[in-house]
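Here is a short report on one protein model. Look at the structure first, then read on.

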Amino acid sequence: MRKINIAIDGFSGCGKSSTAKEVAKRLAYKFIDSGAMYRAVTLYMLQNKVDIKNEAEVLKALDVITIDFRHNPGTGKSETFLNGVCVEEEIRKMYVSESVSPVAAIKAVRVAMVAQQQEMGKHRGVVMDGRDIASVVFPDAELKIFMKASDEARAKRRQMELEEKGEKASLEEIVKNFRERDLQDSTREESPLIQVPEAIVIDTSEMEFEVQVNKVLTLAKEKIEY
């Protein structure tokens, strides 16, 4: 059976990553969390006090940043590693979320990450989610999906995720963060968030997780068997 690449784009909090992870698991495909890669770069910049407006400092930092994903047999989940250290929990915290968009908008950062992502997907059998996967990273992906959801639905999901990790944030604070990131991601000069014409739109506002996973799986199997 042939393998395909699946590109899932969309706004923050629509369930892109969780859906992509589950789809990859059920198809026995590799899952690449592009958002986690940019979060890991952001974490490095914050921890090392890199001036992101200084191109020389950014390039120096990128030279020593290595990101990979490892399967945790205990949890059955993929975890993000930054220079050999697991940062899966740290990169999901609000202070990182608030700084991701400016870092992800830097051309040198995107060039470095896209190169790594394309290398990971060149043999097919990959599910990747992000904001520019169908438009820039995998423009030749056999299946392209664009996910969206209402601000309220997205905020409630993110609040639950944060509470599970012992963090607290008001719905108003989360919605504000989402709207700021949506604007930055959609208007940035380098690889902005766009919905490519051939993408299949899935609105997850009122959709149960299992339903959205099965919808993507159905679409994928149609492409695989085509």
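## The β3-β4 hairpin

β3 and β4 form a hairpin, with four residues between the two strands. Gly-76 sits in the turn and has a positive phi of about 75 degrees. Strands here are DSSP runs of E with at least two residues, and helices are runs of H or I with at least four; both are numbered from the N terminus.

The pairing of β3 with β4 (residues 77-82) is antiparallel and runs over six bridges. Two strands count as paired if DSSP finds at least two bridges between them. Asp-68 has Phe-81 of β4 as its bridge partner. Phe-69 has Thr-80 of β4 as its bridge partner.

## Where the values come from

This is a predicted model: local features need pLDDT of at least 70, side-chain atom pairs count only at pLDDT 80 or more, and totals for chains, interfaces and linings use all residues. Residues are numbered from 1 along each chain as its sequence is written, and side-chain values use heavy atoms, with hydrogens and water left out.

A second hairpin joins β4 and β5, with two residues between the strands. In this hairpin, Asn-83 takes a positive phi near 50 degrees. β4 and β5 pair in the antiparallel sense over two bridges. Phe-81 has Cys-86 of β5 as a bridge partner.

Together the strands make an open sheet in the order β3-β4-β5, with antiparallel pairing. The edge strands are β3 (67-72) and β5 (85-86), and each pairs on one side only.

## Helix α8

Helix α8 covers residues 171-187. Its 17 residues should span 24 Å at 1.5 Å a residue, and its end C-alpha atoms are 24 Å apart, so the two values agree. The expected span is 1.5 Å times one less than the number of residues.

Which residues of α8 are buried? They are Ile-174, Val-175, Asn-177, Phe-178, Arg-181, Asp-182 and Asp-185. They cover an arc of only 160 degrees around the axis, which puts them on the same side of α8. The arc is taken from the directions from the helix axis to the C-beta atoms. On the other side, Glu-172, Lys-176, Arg-179, Leu-183 and Thr-187 are exposed. Buried means under 20% relative accessible area, exposed over 50%, and partly exposed in between (1.4 Å probe, protein chains only).

The buried residues of α8 pack against α2 (34-47), α4 (94-104) and α7 (151-164).

## Gly-15

Gly-15 lies in the loop between β1 (5-10) and α1 (16-27). Gly-15 counts as buried because its relative accessibility is 17%. Leaving aside neighbours within four places in sequence, Gly-15 is in contact (heavy atoms within 4.5 Å) with Met-147, Arg-157 and Gln-212.
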